[in-house]
Amino acid sequence: MKHPLALALAIAVASLASACAHSPATTPVPAVTASADNPFFVESPLPLQYPQFDRITDAHFAPAFERGMAEHLAEVEAIANQKAKPSFENTIVAMEKSGRLLGRAAAVFFNLVGTDTNDTREKLQAEFAPKLSAHQDAIALNPKLFARVKALHDARATLGLDAESVRLIERYHTMFVRAGANLTEAQKTRMKVINAELAQLGTKFSQNVLAEVNASAITVDTREELAGLSEERIAAAAEAAKSRKLDGKYVLTLLNTTGQPPLTDLDNRALRERLFKASIARGSRGNEYDNTAIVSQVVKLRTERARMMGYPTYAAFVLEDETAKNPGAVNAMLGKLGPAAVANARREAADLQAMIDREQKAKGQPTFKLQPWDWAYYAEKVRQEKYAFDESQLKPYFELKNVLENGVFYAATQLYGITFKERTDLPKYHPDTNIYDVFDKDGSHLAIFISDMYARESKRGGAWMNSYVDQSGLTGLKPVVANHLNIPKPPAGKPTLMTWDEVTTLFHEFGHALHGIFSDVRYPYFSGTNVPRDFVEFPSQVNEMWADWPSVLANYARHYQTGEPMPKALLDKVLAAAKFNQGFATTEYLGASVIDQRLHQLADVSAVPAPGEVMAFEAAALKSAGLDYAPVPPRYRTPYFSHIMGGYAAGYYAYIWSEVLDANTVDWIRANGGLTRANGDRFRATLLSQGGRKDALQLFRDFSGREPNIEPLLKRRGLDAPASDGPASTTTPDAPGGG
């Protein structure tokens with residue numbers, strides 16, 4: 001598993017970022033016992049140490065955490081207090097090998113909190129978040145341990161170590177310093193208090209978010225009100241109502257984003273408005289799930305922590321350890337992309353308003369002004385008018401398992417030579433998951449992959465990859481990784497038909513999985529996706545290119561009933577529409593990114609908005625950035641912006657920062673033959689297998705042989721319009737690493 005400090009940090013992030021459901025049954029937190037049959041107390045005997053989900057119960061977590069923390073601290077104390085002179089083996093490598101029990105338990109627990117939580121796990125999370133934070137501090141603020149790390153860091157050039165080992169020393173030293181190792185004793189005491197409170201607040205925030213997602217679901221009385229929705233979606237709404245004991249009614253459940261999928265198809269404008277307003281009100285309604293006070297306090301504590309560490313803002317503290325390096329670089333990119341994005345969105349809005357005006361005139365009714373709840377609905381109409389297709393024409397060709405096995409897996413086989421085989425003998429944490437062995441090009445067992453595609457009330461929103469077992473040459477472990485989406489589950493016996501966005505998301509998340517699967521590093525610290533936050537999205541974004549690659553698409557885009565391939569004319573329309581609605585998509589993303597930066601670039605605690613001022617602060621931030629365009633609200637509003645309560649605090653910009661590298665890489669691959677084993681082997685060898693063992697931007701250079709350029713991204717997103725039709729490309733931001 002991960003080294004102790006990285007493990008502790010991962011635990012802290014998981015406790016902040018995981019989302020918990022509110023379920024009706026309440027069960028007590030299991031008492032701490034020293035049960036000898038606790039499956040976490042020994043390494044799993046299953047292949048690749050795959051977790052023993054059939055044996056693990058909620059009662060096992062607390063004893064495993066308590067014993068795991070005690071064992072880990074004993075190991076750390078032994079390293080810190082040994083009389084032998086500090087060496088790479090007796091200090092750094094020893095820490096890399098420590099904390100295995102805690103690592104096993106934490107990996108399973110926090111992954112389950114995100115994928116299938118319950119009241120017991122929610123209570124355990126609340127109980128152990130501050131305890132695990134204190135455990136982190138006990139390691140990171142241990143002066144004897146830091147003294148040994150510092151001695152090795154000072155002498156690293158004379159130790160005769162290879163580059164990966166030297167980098168490991170440097171990363172350890174950086175992490176200790178950034179955790180507060182150089183603070184005074186009084187500051188360390190305050191830091192511990194801050195960290196514990198942040199852990200508790202983050203847990204409560206995430207629990208509120210998912211609880212209100214479920215509580216805010218819209219109940220609809222009649223089928224007629226759902227006109228425009230597909231039969232499958234109506235059936236799913238009926239099932240959702242039935243599960244809530246609302247037989248005969250319909251329930252539209254929410255996703256965590258501001259926009260909601262039914263807004264694309266619902267003909268009933270009043271219901272669209274109701275759904276949208278329920279979505280944006282989450283977390284700021286003054287009810288039990290209101291998160292504004294939590295946001296205010298979290299930002300205050302982060303600001304205080306950054307100032308204590310000698311940084312002007314929390315964003316400055318975070319970005320120093322990312323590829324962006326400083327807030328100025330991020331502000332430059334967001335500031336220069338914003339005007340072009342909004343200009344595009346306004347042009348798109350004009351088309352939508354024209355559509356509204358024509359329709360209302362044809363009905364003999366007065367027109368109305370485009371509102372946020374109208375955008376998706378009329379954008380789909382304009383798409384149909386411009387490109388003569390809609391999502392309902394595509395979905396029959398995108399059956400879930402076929403897309404995964406004959407699309408996502410097929411592309412990976414063609415590119416990297418790896419193969420997949422589903423297995424049914426391993427235990428599952430939820431019946432809706434599927435498990436696959438991954439075999440390398442020589443036939444050896446490379447990894448285990450878990451597919452978890454369906455939405456459920458016990459699962460947090462969004463899509464993500466996680467790791468149950470990290471690869472490491474030091475430990476001899478191979479990867480066990482999982483992908484998660486939130487596709488609505490159809491009624492029994494019905495096929496799972498995906499939208500094009502869901503298809504590309506599946507390819508995206510599998511790019512993260514490949515980053516974990518192909519990891520080939522010695523030290524756990526560098527394994528898989530343990531890279532800077534503004535680099536981690538890059539490989540997954542690259543993998544999206546195979547979704548519409550002709551030979552890949554031909555292999556999976558087949559009608560679920562007839563097996564007939566998608567007509568080329570329909571595919572051509574899909575590809576022609578690639579830049580459609582990009583003004584909206586870029587503007588909503590940039591809006592959320594600006595909110596994140598404005599909150600975390602506050603230089604003084606006194607400037608942090610009070611709970612009642614959080615929403616006004618958000619509005620002012622959007623206005624100052626020129627992104628206060630009412631028809632396009634931010635993708636996430638502050639009270640349900642889970643990213644910035646967890647690993648993406650001051651880092652939500654990372655998606656578009658990484659997309660610069662992605663767009664450059666896609667251009668390189670296309671120019672060098674596309675879907676070939678040579679390109680796949682090069683990408684695997686120079687980047688996917690390297691984890692964090694090298695500087696992130698150097699990995700990009702190793703693959704592409706050049707510096708990144710902003711132009712491919714501008715072209716992809718339709719932001720390269722001439723000056724007469726919007727901001728010219730001469731006002732584009734620097735590429736990542738460009739200053």
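Author: Ala-650 has a relative accessibility of 0% and therefore counts as buried (buried means under 20% relative accessible area, exposed over 50%, and partly exposed in between, with a 1.4 Å probe and protein chains only). The model is a predicted one, in which local features need pLDDT of at least 70 and side-chain atom pairs count only at pLDDT 80 or more, while totals for chains, interfaces and linings use all residues. Residues are numbered from 1 along each chain as its sequence is written, and side-chain values use heavy atoms, with hydrogens and water left out.

Ala-650 sits in the loop between helix H22 (614–624) and H23 (helices are DSSP runs of H or I with at least four residues, strands are runs of E with at least two, and both are numbered from the N terminus). Its phi is positive, about 60°, although Ala-650 is not a glycine. Asn-581 also has a positive phi, about 65°, and is not a glycine either. Asn-581 lies in the loop between helix H20 (568–576) and H21, and it is buried, with a relative accessible area of 18%.

H23 (residues 654–671) comes first: its axis and that of helix H18 (residues 533–543) come within 7 Å and cross at roughly 40° (axes are lines fitted to C-alpha atoms, for helices over the stretch in contact, and angles run from 0 to 180 degrees between N-to-C directions). H18 is therefore oblique to H23 (angles under 35 degrees count as roughly parallel, over 145 as roughly antiparallel, 65 to 115 as roughly perpendicular, and the rest as oblique). The crossing of H18 over H23 is right-handed (left-handed means that the near helix is turned anticlockwise from the far one by less than a right angle, right-handed that it is turned clockwise). Among the residues making the contact are Phe-535, Phe-538 and Val-542 of H18, and Trp-657, Leu-661 and Ile-669 of H23 (contact means heavy atoms within 4.5 Å). Sorted by class, the residues of this contact are nine nonpolar, three polar and five charged (Ala, Val, Leu, Ile, Met, Phe, Trp, Tyr, Cys and Pro count as nonpolar, Asp, Glu, Lys and Arg as charged, and the others, Gly among them, as polar).

H21 (residues 582–600) has its axis within 8 Å of the axis of helix H13 (residues 327–363), and the two cross at roughly 145°. This crossing is left-handed. On the H13 side the contact includes Leu-334, Gly-338 and Ala-345, and on the H21 side it includes Phe-584, Leu-590 and Val-594. The residues here comprise nine nonpolar, eight polar and one charged.

Phe-88 and Ile-92 of H3 are among the contact residues, as are Leu-168 and Phe-176 of H7. By class, that contact has seven nonpolar, one polar and one charged residues.

Two single residues make a last contrast. Phe-61, in helix H2 (residues 61–81), is buried at 0% relative accessible area. Leaving aside neighbours within four places in sequence, Phe-61 is in contact with residues including Phe-40, Ala-105 and Leu-124. Ala-236, in helix H9 (residues 231–243), is partly exposed at 21% relative accessibility. Not counting residues up to four places away in sequence, Ala-236 touches Lys-489 and Pro-491.
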